[in-house]
Amino acid sequence: MTRRALVFGGGGVLGFAWLVGAVGALEVEAGFDAREADLVVGTSAGSILAAQLGCGIGVDQLRRHHQGVPGPDDLPISFEYAEHGRPPLPRPRLGSPALLAQVVRRQRDASLKTSLLGAVPPGRGSLSEVGNMIAAISGATGHDRLWPTRPRPWVCTTDYRTGRRAVFGHDELAPTSEVSLADAVVASCSIPGWYEPRLIAGRTYVDGGSVSNASADLVVGAEVDEVFILAPMAALERDRPRSLVTRIERMVRAGVTRTILRDAERLPAEGKRVAVVTPGREDLHTMGGNLMNPTRRAEVLETASRTASIQLRTQLASRPWRRRGLDPSRASA
């Protein structure tokens, strides 16, 4: 059997909608159900999808949820997207004095990104809806106390005291026996300066994207044959937006893209087949410069379904996939 890993990057409300559309395209083009993957690495918005797949929620149901037409047998998914469009003002104090103290003691080892993480004021926004949604899903599917195993979610967070990545479901730093799936997802989504940090088992965690947007490097050494990296905050195609805010957003995307491609380039040396899917020009136009804008969810999802299909069809038809026995024409059937 082919062993597969899925890697989902962060990207806010619209990034999640894009992921749903892209994973639907993946299922069609690669010919497998995403719930049959062996491993799912999820960061921030990507952790929500990783958790849902781990609990057995299918992409078709998530699509119907975004379209507002749930099926009669669908598990109820309650979420008010409009609540996450605008952040409240952060608290007027340092986010992590302990992290800043480490930066001062180890100046040569500290990156600018880590330094800023400790200095950003703690957010006051609540992710209780995200936690309640995942808690309801995990409880209804028997995963409120038992961590999902197929696919197994690796939920990426950042230890707010050390600035290091902690991966629930994988690392010894974050044992699954002491944390619920809902707690892990909330921690992974806790954007510094926007949402409140999450306290879990005596330690505080924030958004996993503070270290890496997708953490594709975690798959290095994993016992899988194929890796599909879906990154809504990256972009393999460039556009030319006019607004200053959107141009700044594109600069952030460029940095995320470089990191993801660097991580992806390490995987073929281990014999892994790798596909990287990101928003194209049409997706970028549909998303705009605010990834937390809930009014564009349905349009972003439908656009991603088309553009991701094209990218996947092209990549799956390349020689490394054919040489190892994958028949793209059959996968597309």
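Visitor: Buried means under 20% relative accessible area, and exposed means over 50%. How many residues of α2 are buried, then?

Guide: In this predicted model, α2 is mostly covered, with 10 of its 10 residues counted as buried. The buried set runs from Ala 45, Gly 46 and Ser 47 through Ile 48, Leu 49, Ala 50 and Ala 51 to Gln 52, Leu 53 and Gly 54.

Visitor: And what comes just after α2?

Guide: Gly 56 follows just after the helix, and its phi is positive, at about 90°.

Visitor: Zooming out, what does the chain look like as a whole?

Guide: The protein chain has 12 helices and eight strands, and buried residues account for 54% of its 333 residues. If you take the contacts between residues at least 6 apart in sequence, 77% of them join residues at least 24 apart. The accessible surface comes to about 15,600 Å², and carbon and sulfur atoms hold 51% of that area.

Visitor: How many disulfides are there?

Guide: The structure holds zero disulfides. As for individual cysteines, Cys 55 counts as buried because its relative accessibility is 6%, and Cys 189 is likewise buried, with a relative accessible area of 7%.

Visitor: Okay, pockets. How much space is in the largest pocket, and what lies nearest its centre?

Guide: The largest pocket holds about 980 Å³ of space. Its lining consists of 45 residues, and those nearest the centre are Gly 11, Gly 12, Ser 44, Ile 191 and Asp 207.

Visitor: Which helix gives the most to that lining?

Guide: That is α8, which supplies eight residues to the lining of the largest pocket. The helices that each supply at least two lining residues are α1 (12-30), α2 (45-54), α3 (59-67), α6 (128-140) and α8 (244-264).

Visitor: How does the lining divide into nonpolar, polar and charged?

Guide: The lining of the largest pocket has 26 nonpolar residues, 16 polar ones and three charged ones.

Visitor: You mentioned Asp 207. Where is it, and what does it touch?

Guide: Asp 207 belongs to strand β6, which covers residues 203-207. Asp 207 counts as buried because its relative accessibility is 9%, under the 20% cut-off. Leaving out residues up to four places away in sequence, Asp 207 touches, among others, Thr 43, Ser 44, Thr 157 and Thr 158, and also Cys 189 and Ile 191.

Visitor: What about Asp 74, buried or exposed?

Guide: Asp 74 is buried, with a relative accessible area of 16%, and it is found in the loop between α3 and α4 (97-105). Apart from neighbours within four places in sequence, Asp 74 is in contact with Gln 61 and Arg 64. The C-alpha atoms of Asp 74 and Asp 60 are separated by 9.7 Å, the two residues being 14 apart along the chain.

Visitor: Switching to the backbone, which peptide bond is cis?

Guide: The bond from Arg 150 to Pro 151 is cis, with omega near -5°, and Pro 151 is found in the loop between α6 and β3 (152-159). For context, most peptide bonds are trans, and most residues other than glycine have a negative phi.

Visitor: Where do Ala 201 and Ser 215 sit, then?

Guide: Ala 201 is in the loop between β5 (198-200) and β6, and its phi is positive, near 50°. Ser 215 is in the loop between β6 and β7 (226-230), with a positive phi of about 55° although it is not a glycine.

Visitor: Buried or exposed, for each of them?

Guide: Ala 201 counts as exposed because its relative accessibility is 52%, over the 50% cut-off, whereas Ser 215 is buried, with a relative accessible area of 0%.

Notes:
Residues numbered from 1 in each chain as written. Predicted model: local features only at pLDDT ≥ 70, side-chain atom pairs only at ≥ 80, totals over all residues. Heavy atoms only, no water. Helix = DSSP H or I, 4+ residues; strand = E, 2+ residues; numbered from the N terminus. Buried < 20%, exposed > 50% of the residue type's maximum accessible area, 1.4 Å probe, protein only. Contact = heavy atoms within 4.5 Å. Areas by Shrake-Rupley, 256 points an atom, 1.4 Å probe, with all protein chains shown as cover. Disulfide = S-S within 2.5 Å. 1 Å grid on protein atoms, 1.4 Å probe; cavity = no way out; pocket = protein on both sides within 12 Å on 5 of 7 lines; lining within 4 Å. Points joined across faces, edges and corners; volume = space filled by probe spheres on them. Nonpolar A, V, L, I, M, F, W, Y, C, P; charged D, E, K, R; others polar.
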